Amino acid sequence: MSNRLAGMLAALLPIAALSVSAAEPRASAGIASPDARIAVEITTDGEGRASYAVSRDGHAVIAPSRLGMMFTDAPKFERNLAIVDQRTRSHDERWELPWGERRYVRDHHNELRVTFAETSGTKRRFDVVFRVFDDGVGFRYDFPDQPALQRLAIAEELTEFTIADAATAWWIPAFEWNREEYLYHRTPVEEVGLAQTPITLRTGDGLHLSIHEAALVDYSGMNLTRAEGRRFKAALTPGIGEAKVEVTAPFATPWRTIQIADRAAGLVESGLILNLNAPNALGDVSWIRPMKYVGIWWEMHLDRKTWASGPKHGATTAHAKRHIDFAAANGLGGVLVEGWNVGWDGDWFGNGETFSFTRPYPDFDLEGVAAYARDKGVMLIGHHETSGHAAHYEAQLDDAFDLYARLGVHGVKTGYVADAGQAKVLGTDGRLRYAWHEGQAMVRHHQKVVEAAAKRRIAVNPHEPVKDTGLRRTYPNLITREGARGMEFNAWGDPGNPPEHEATLVYTRLLAGPMDFTPGIFGMDTKSGQPMATTLAKQLALYVVIHSPLQMAADLLEHYEARPDAFRFIRDVPVDWDETRLVAGEIGESAVIARRERDGDDWYLGAVTDGEARTLRVPLDFLDAGRRYTAQIYRDGDTAGWRDDPHDLVIESREVGAGDTLDIRMGPAGGQAIRFVAR
Ligand code: NOJ
Ligand code: CA
């Protein structure tokens with residue numbers, strides 16, 4: 001097939017296959033992105049070791065880096081490999097997200113499937129599939145069914161990532177007890193230790209990179225360990241047996257992803273992770289309702305109420321009804337109630353076997369509260385804290401979800417509070433095993449929960465989850481998750497999240513997907529008495545800066561009732577979007593994000609800064625040209641800052657258009673929120 005014909009076919013068909021089968025083993029293979037700027041080259045050296053390298057505009061981005069796999073019960077794939085086949089194809093498609101930060105995603109890539117075979121021994125084979133987009137690369141191992149490799153007991157993945165140029169890295173440590181809830185380090189790449197993904201890098205030339213994974217299914221999460229210099233090796237999360245992963249061929253690993261962009265916006269706006277996930281597997285998902293919610297929650301974190309039964313029990317019938325009334329009066333969709341079920345008394349951390357997911361405490365009339373919510377058009381959001389005891393939860397899963405479905409509870413927040421490595425699952429022998437939160441057993445557990453929930457039309461919001469790898473495309477009821485330090489750290493205070501935390505999350509954790517950060521704190525008391533690193537305007541800005549289709553208004557209701565002027569923004573701001581842009585910002589310093597509401601014309605802007613007061617000049621060219629807007633501005637007052645006067649909020653209106661520029665001024669740890677009402 002001629003290249004021209006192949007090009008025409010690629011333009012006409014969503015998928016065009018053009019096979020280039022190599023009759024003789026070759027030492028190299030290559031593929032480029034549709035815009036031809038990113039190139040991937042795969043080579044084998046004199047000893048038959050396989051490597052890949054990535055360049056952009058002819059300049060190395062990932063220097064030659066090894067590929068391979070080690071097994072517990074079979075020789076590794078690392079040497080004596082030959083490229084025996086290679087096939088390419090192109091794909092160009094626009095697909096629609098049922099909910100999200102944008103409506104349409106373009107999946108435009110060139111694919112190269114390279115088949116490696118051992119040149120000696122049992123001549124086992126495997127493929128590595130590369131997909132090259134204009135904004136990065138994904139690749140994964142694909143093991144065909146073959147007599148010499150039926151059961152794969154993976155000891156370690158030998159994938160490497162060698163960063164070609166000096167760079168600054170933003171990363172959190174892996175294998176620490178508090179899972180994903182660590183502050184980001186900002187270090188030269190040579191000082192990264194054992195890191196989780198996504199990890200974000202910026203080279204001296206301003207090239208932005210993010211290394212992560214997509215479609216983590218039936219496998220263990222990938223971490224990165226720095227071997228030397230700028231060379232990283234994959235470090236899979238341990239499994240519950242000798243092997244880190246046990247699967248049966250045919251099997252394809254998750255995609256290893258390298259996002260590449262000139263500017264930070266290219267990372268924030270990338271659809272690469274979603275594109276590497278399988279399409280929606282649930283069919284009609286119109287029942288999934290993105291929404292804002294309030295809850296019986298913040299007061300427990302401030303120690304004013306308890307999850308446990310007793311005089312300070314938060315989840316009482318009356319308190320829940322008060323929240324339902326508030327949600328109904330303010331157009332918020334849901335009410336979360338934590339501490340409703342038996343099992344919280346005593347030390348619930350790590351005592352998951354005490355939880356019942358069907359028995360409410362006597363002072364919480366579950367049926368009555370659910371009926372009250374239904375009558376008011378508000379959804380009760382369920383809560384299943386498991387303390388990491390996945391096995392105990394699984395035993396009750398069907399009953400728990402059946403109960404919720406019967407009561408009209410179509411959303412549940414789950415929780416896995418246990419130190420890393422202390423989750424509990426059943427081994428194949430039926431005995432309890434300790435497991436890592438991101439090991440294969442817990443990845444399987446979450447999959448089971450999401451599928452069981454989908455059957456009952458329930459959306460799931462896991463806390464202490466497995467990292468997000470874009471599975472929301474396949475399972476849109478996996479609606480959001482935690483998986484980073486959220487607002488709760490500010491309630492505890494000691495130490496709370498630092499001023500730059502949110503301006504870092506935008507370019508790190510949030511590249512992976514939505515986060516249930518739980519913004520909207522107006523009363524800024526903390527348990528420790530330490531000041532919270534925020535202003536009131538920043539709390540409003542977070543509704544735009546952090547995307548989550550379930551977005552909590554996390555504070556006590558009386559704090560909202562005391563500030564109806566500020567609360568109006570929370571009432572107005574949508575949770576579902578047609579378009580998203582990073583209009584300004586630098587990693588860990590500031591972020592200005594503009595989003596257009598789903599099915600509407602209004603735009604919203606959220607801006608946050610670190611500990612520095614800043615004024616950012618922001619052209620409004622994202623607005624529709626030729627249209628006028630009323631900008632409803634919620635900004636830091638002139639003296640506002642997190643240490644002094646965090647509540648100093650100015651609300652004002654201006655008429656603007658796409659040709660205008662706004663000076664967005666923010667105090668230390670401050671922010672700004674704007675609704676652009678289309679006229
Ligand atoms: C940790 C969660 O992140 C938090 O939101 C929840 O309140 C507690 N676990 C209790 O389940
Ligand atoms: Ca948490």
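Mentor: Let us begin with contacts, where contact means heavy atoms within 4.5 Å. Leaving out the neighbours within four places in sequence, His-319 is in contact with Ile-296, Glu-299, Lys-305 and Gly-314. Before going on, note that this is a predicted model, in which local features need pLDDT of at least 70 and side-chain atom pairs count only at pLDDT 80 or more, while totals for chains, interfaces and linings use all residues. Residues are numbered from 1 along each chain as its sequence is written, chains are lettered from A and ligands numbered from 1 in the order in which they are written, and side-chain values use heavy atoms, with hydrogens and water left out.

Trainee: In which helix is His-319 found, and does His-319 count as buried or exposed?

Mentor: Helices (H or I, at least four residues) and strands (E, at least two) are DSSP runs, numbered from the N terminus, and His-319 belongs to helix α5 (residues 317-330). Buried means under 20% relative accessible area, exposed over 50%, and partly exposed in between, with a 1.4 Å probe and protein chains only. His-319 has a relative accessibility of 18%, and therefore counts as buried.

Trainee: How should I read a nonpolar core, and which residues have the most contacts inside the largest one?

Mentor: A nonpolar core is a set of buried Ala, Val, Leu, Ile, Met, Phe, Trp, Tyr and Cys residues joined through side-chain atoms within 4.5 Å. The largest nonpolar core here has 118 residues, and those with the most contacts inside it are Trp-298, Val-337, Phe-401, Val-506, Leu-540, Phe-569 and Leu-582. A second, separate core has 57 residues, including Val-54, Val-114, Tyr-141 and Ala-169.

Trainee: How are aromatic pairs described, and how many does a search of the whole structure find?

Mentor: A pair of aromatic rings is described by the distance of the centres and the angle of the planes. Rings of Phe, Tyr and Trp (its six-membered ring) pair if their centres lie within 6.5 Å, and planes under 30 degrees apart count as stacked, over 60 as edge-to-face and the rest as tilted. The search finds 33 aromatic pairs in the whole structure. In one of them, the ring centres of Phe-126 and Phe-143 lie 6.1 Å apart and the planes stand at 35 degrees, so this pair is tilted. The pair links distant parts of the chain, with Phe-126 in strand β9 (residues 125-133) and Phe-143 in strand β10 (residues 136-143), 17 residues apart. Phe-126 counts as buried at 1% relative accessibility, and Phe-143 counts as buried at 0%. Elsewhere, ring pairs link Trp-307, Trp-344, Trp-348, Phe-349, Phe-355, Phe-357 and Tyr-393 into a cluster.

Trainee: What can I look for in the backbone, for instance where a cis peptide bond joins two residues?

Mentor: Here the angles are what to read. A cis peptide bond joins Thr-197 and Pro-198, with omega about 5 degrees, and Pro-198 has its place in the loop between β15 (194-195) and β16 (199-203). Another cis peptide bond joins Asp-494 and Pro-495, where omega is about 0 degrees, and Pro-495 is found in the loop between α9 and α10 (501-505). As for phi, Lys-123 has a positive value of about 55 degrees although it is not a glycine, and Lys-123 is found in the loop between β8 (104-118) and β9.

Trainee: Finally, what does the lining of the largest pocket have by class?

Mentor: On a 1 Å grid over the protein atoms alone, a cavity is a set of points where a 1.4 Å probe fits but cannot get out, and a pocket is an open set with protein on both sides within 12 Å along at least five of seven lines; lining residues have an atom within 4 Å of a point. The largest pocket is lined by 30 residues, of which Trp-348, Phe-349, Val-417, Glu-488 and Trp-492 lie nearest its centre. For the classes, Ala, Val, Leu, Ile, Met, Phe, Trp, Tyr, Cys and Pro count as nonpolar, Asp, Glu, Lys and Arg as charged, and the others, Gly among them, as polar. By class, this lining has 11 nonpolar, 8 polar and 11 charged residues.
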